[in-house]
Amino acid sequence: YDDCADENSVADYTVECVRTGEETVLRLVEPELISGVTAHLKGKDALIEYEGLSFESGLELGTGRTPIEACDVVLDTLESGQTSQFAMDGNELSFRVEQGNNCYTTMRLEADTMTPVSAEIYYDGRLVICCEISEWYME
């Protein structure tokens with residue numbers, strides 16, 4: 001995903017995201033410098049691990065405004081089913097889900113398979129996080 005919170009800077013990350021029950025595990029793949037850093041998110045708690053060391057993140061989770069929460073926001077959006085707008089553009093279906101607190105997420109799915117392609121998270125009408133989904137599967 002891209003962290004678009006500051007119009008003048010963009011940080012690109014490649015992340016593997018797995019949600020099991022109430023826990024989401026994120027593993028950084030790229031950039032290589034921080035590859036292998038893993039975050040375990042559960043509720044408002046985040047535990048960061050790297051090469052056998054672990055520590056509390058100190059992040060204020062629960063707002064959906066941190067890049068580390070982007071995967072959870074996207075998964076919650078897909079699970080909620082409470083859409084406010086739909087649109088078709090070629091073979092992509094897009095929909096918007098209001099999350100309250102001046103926040104909404106726009107999801108794009110491949111229409112034929114309903115596979116997520118991308119997500120954009122907005123706060124106060126401003127795009128803050130862009131997620132490109134390259135692989136998707138559910139068990």
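The model is predicted; local features need pLDDT of at least 70, side-chain atom pairs count only at pLDDT 80 or more, and totals for chains, interfaces and linings use all residues. Residues are numbered from 1 along each chain as its sequence is written, and side-chain values use heavy atoms, without hydrogens or water.

The chain averages a pLDDT of 79, and 81% of the residues score at least 70. pLDDT is the predictor's confidence in each residue, from 0 to 100. Strands are DSSP runs of E, at least two residues, numbered from the N terminus. Mean confidence is lowest in strand 1 (residues 2-6), at 47, and highest in strand 10 (residues 103-110), at 89. Where pLDDT is low, the predicted coordinates should not be read in detail.

Strand 3 (residues 14-20) pairs with strand 4 (residues 23-30) in the antiparallel sense, over 7 bridges. Pairing requires at least two DSSP bridges between two strands. Val15 has Leu28 of strand 4 as its bridge partner. In this hairpin, 2 residues lie between the strands, and Gly21 takes a positive phi near 60°.

The whole structure holds 2 aromatic pairs. Rings of Phe, Tyr and Trp (its six-membered ring) pair if their centres lie within 6.5 Å; planes under 30 degrees apart count as stacked, over 60 as edge-to-face and the rest as tilted. Phe86 and Phe95 form a tilted pair, 6.3 Å centre to centre, with 45° between the planes. Tyr104 and Tyr122 form a stacked pair, at 4.7 Å and 10°. Tyr104 lies in strand 10 and Tyr122 in strand 11 (residues 115-123), 18 residues apart.

Methods. Helices (H or I, at least four residues) and strands (E, at least two) are DSSP runs, numbered from the N terminus.
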